[in-house]
Amino acid sequence: AFRSPDADAYNAVHLHQAVAFVRTLLGPQADQFDENMLKIGTYQYLMEESDYFNNDPYSPTIFHAVPPASIRRLREVQRWVKTNDPRFEKFVNKAKTIIKDLRAQSTTSGGEISWSPMSEHAFTEDDLTMIQFLNDSLRRGRAQQGNPYDYVLSLLSRAVEAPYTHEGGRDFAFNLLADIGAHPPWGNLLVTDDACTPWTAKDEAIAEAEAKRLAERFKAIQEASSSGVPAFRDGVDHIRHDWGDMPAYVIDNESAEELDDGISVVPANDGTNSVWVHVHIADPTALLRPDDPLSKIAHKRIGSLYFMEKTFPLLPSEFASLFSLGRGGPQPVLSISAKISTENGAILETSLKPGILRNVRTITYDEMDRALGAVTSEGYVLPELSNTPKTAAALTPRVLSHPVVEDLKALAKTAETLSRRRGIHGAYNFLYPTRGEVEVAPKPLNSAPFPPAAPMKYQGGPTYYVYKGLSSSFETNNSKWAVAEMMMLGCRVAARHAREKQVPLLYRHNHSPNADELCGHLRDPVTGEVPYGPETRLVNTVGGTSTVPGGNSMLGTEGDPYARVTSPLRRFGDLVNHWQLKACMSADACRLPVEELDAVATDLTTAEAVIRKVQRTNRRFWISAAIRRVFSENPEALRGLEAYVGTDAQPMNKDGQKLYWVALHVAALGSEGRSIGMPKKELEGLPIGSKVLVDVDQVPLA
């Protein structure tokens with residue numbers, strides 16, 4: 001009942017859908033059971049039937065119906081093992097030979113990537129069954145659910161006799177597939193896992209066709225407008241403001257793919273100590289309507305998914321590029337403006353209007369930081385983990401003109417004033433230990449199609465830089481935090497307007513019932529910064545999305561509501577809010593009914609949490625790969641590293657012995673880890689936040 005029509009595809013099943021199906025099977029007898037008992041019983045059944053249902057690693061109430069092809073492979077390989085079928089031993093012997101030959105021929109230390117099949121080996125149909133079985137075993141599930149692949153993987157790891165640290169499990173399967181040339185050495189299964197990347201071929205075809213249709217319409221509108229203001233017929237043409245030659249600065253990473261916000265800061269020139277801040281947001285809703293097929297697909301995707309090696313965009317690039325700021329020509333935007341006191345950061349006046357930008361200037365974060373004398377990205381690179389040096393000289397920095405530098409200084413100064421005001425009004429900026437970021441090239445990172453007909457010899461490999469993450473959300477003259485502060489201002493002002501006009505919006509809320517009690521005495525009264533320690537681990541926050549304005553005590557926004565509006569090219573919720581905000585300005589603009597908006601709010605709360613977790617897993621995968629490289633080449637470099645204790649001692653079972661572990665944040669690696677199993681007494685006296693020295697002992701698959 002829950003299988004995908006595609007024999008090789010998983011199909012998501014929500015617990016409430018499974019319960020409804022059980023009710024249908026029971027018929028009238030279903031009324032004899034308590035609703036909670038039905039849920040518990042259905043959940044337990046799905047967890048126990050792990051051959052057929054895979055529990056989602058990011059959302060415990062979602063299961064994925066295992067495709068028939070995967071079940072057939074599982075049964076086939078299990079039968080080989082149980083009956084001592086010679087096909088199992090043949091695969092083991094071939095794997096040993098391939099591993100030996102490939103290690104003598106492949107080089108993957110860096111450089112241009114290429115691959116070619118080994119002429120002396122080919123995969124038989126039985127080999128491919130085993131290879132796809134191994135690939136199936138890599139799909140992540142929840143630790144609480146049994147893994148039907150574990151027994152075979154354990155036997156296989158002992159039979160292959162490869163020098164792997166881990167016996168059996170996903171780590172072994174991952175390494176074996178790479179070692180026999182079925183996967184590239186840097187392969188990352190998140191990129192092909194449809195539980196993480198629900199970009200189906202059918203949706204992709206519809207999206208591309210719609211993007212082409214809308215691009216043709218956009219071109220016709222631009223040609224018809226000549227040098228005037230384009231008419232998009234989105235209900236707000238009559239109030240669209242032409243910003244003329246006023247510069248708008250788009251500040252982002254050099255590799256950014258969707259440039260959807262620009263900033264202008266200009267003096268008020270009215271005798272007051274104030275400036276006008278204009279946050280200009282790319283406006284795809286100039287063409288896109290709520291009932292368009294592309295909008296429906298964007299709703300399913302919820303947001304762009306950014307992996308280090310590939311991006312899965314919310315909107316097709318052919319469409320998004322029309323609105324990405326800085327592409328040239330007049331560009332439609334939603335402009336959110338606020339008059340800000342330069343003395344205390346107070347918001348004095350606000351306005352909201354559709355606009356046209358003509359003078360967009362793109363600046364990288366590094367260029368802005370360099371102009372302001374702040375630390376640039378190369379200052380945060382962890383050279384021990386990066387496989388290619390990154391120096392300022394290699395970046396060939398552009399010299400910015402004096403007027404541009406002055407504009408950027410005004411932007412940074414205003415952002416600092418706004419940030420300090422939020423700090424004074426109760427914002428919390430928790431100083432967690434640094435977490436690394438990764439940059440991988442080339443992007444997208446390609447490899448041979450899977451499964452290959454023969455083992456692949458890979459030459460070269462990706463270049464990656466590992467960065468030490470910024471430790472604070474308040475750093476003077478830091479470009480990323482300055483831009484983030486301006487985006488927060490835009491989100492506050494937009495939410496104000498919707499509340500005043502009583503137009504429903506997708507509001508964000510972020511409140512803590514116990515932060516003041518636990519950390520109020522530790523909080524810096526100006527910056528809002530709170531040092532990392534035991535108290536920060538106990539802070540509870542309540543957040544999410546709803547159509548009713550909620551509390552934002554953690555942001556220090558003085559009672560202002562908050563709604564995300566600054567990234568409509570990569571977040572569906574922001575796209576929806578643009579439709580709603582236009583309804584604040586004109587009765588002719590499109591808007592969603594409240595009941596549909598409520599459904600979107602529910603979807604956002606769940607799906608955005610999954611996107612964050614998946615992206616975090618991808619980041620950890622690449623940091624783990626970097627650490628594994630160093631560990632294999634020079635393990636002494638990973639000894640005596642300073643780390644923060646992140647949790648109290650947690651129990652674990654190791655070889656029948658009850659031991660304990662603690663989470664550790666290792667700044668030099670930009671990563672988190674956990675201690676090996678130790679007696680509890682050895683971990684006593686180590687409160688959360690205390691510093692210890694650690695040696696890296698194992699580097700499992702992230």
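This is a predicted model: local features need pLDDT of at least 70, side-chain atom pairs count only at pLDDT 80 or more; totals for chains, interfaces and linings use all residues.
Q: How do helix α16 and helix α17 pack, roughly parallel or roughly antiparallel?
A: Helix α16 spans residues 572-585 and helix α17 spans residues 594-633. Their axes lie 11 Å apart, at an angle of about 155 degrees. Angles over 145 degrees count as roughly antiparallel. Therefore α16 relative to α17 is roughly antiparallel.

Q: What is the handedness of the crossing of α16 and α17?
A: Two packed helices are described by the angle between their axes and the distance between the axes. For this pair, the angle is about 155 degrees and the distance 11 Å. The crossing of α16 past α17 is left-handed.

Q: Which residues of α17 meet α16, and how many residues of the contact are charged?
A: From α16 come F572, G573, V576 and Q580. They meet L597, V600 and L604 in α17. The contact residues divide into five nonpolar and two polar.

Q: Which cysteine sulfur is nearest to that of C584, and how many disulfides does the whole structure hold?
A: C584 is in no disulfide. Its nearest cysteine sulfur is 14 Å away and belongs to C590. A search of the whole structure finds a disulfide count of zero.

Q: Are C491 and C584 buried or exposed?
A: Buried means under 20% relative accessible area. C491 has 2% relative accessibility, so C491 falls under that limit. C584 has 13%, so C584 does as well. C491 counts as buried, and C584 counts as buried.

Q: Which residues does T417 touch beyond four places in sequence?
A: T417 sits in helix α12, residues 402-424. Its relative accessibility is 15%, so T417 counts as buried. Leaving out residues up to four places away, its contacts are S341, T342, N344 and G345.

Q: Where is D697, and is it buried, partly exposed or exposed?
A: D697 lies in the segment after β26 (691-694). Not counting residues up to four places away in sequence, D697 touches F631 and I676. Its relative accessible area is 45%, so D697 is partly exposed.

Q: What separates the C-alpha atoms of D697 and Q650?
A: Along the chain, D697 and Q650 are 47 residues apart.

How values were computed: Residues are numbered from 1 along each chain as its sequence is written. Side-chain values use heavy atoms; hydrogens and water are left out. Helices (H or I, at least four residues) and strands (E, at least two) are DSSP runs, numbered from the N terminus. Buried means under 20% relative accessible area, exposed over 50%, partly exposed in between (1.4 Å probe, protein chains only). Contact means heavy atoms within 4.5 Å. Axes are lines fitted to C-alpha atoms, for helices over the stretch in contact, and angles run from 0 to 180 degrees between N-to-C directions. Angles under 35 degrees count as roughly parallel, over 145 as roughly antiparallel, 65 to 115 as roughly perpendicular and the rest as oblique. A crossing is left-handed if the near helix is turned anticlockwise from the far one by less than a right angle, and right-handed if clockwise. Ala, Val, Leu, Ile, Met, Phe, Trp, Tyr, Cys and Pro count as nonpolar, Asp, Glu, Lys and Arg as charged, and the others, Gly among them, as polar. A disulfide is a pair of cysteine sulfur atoms within 2.5 Å.
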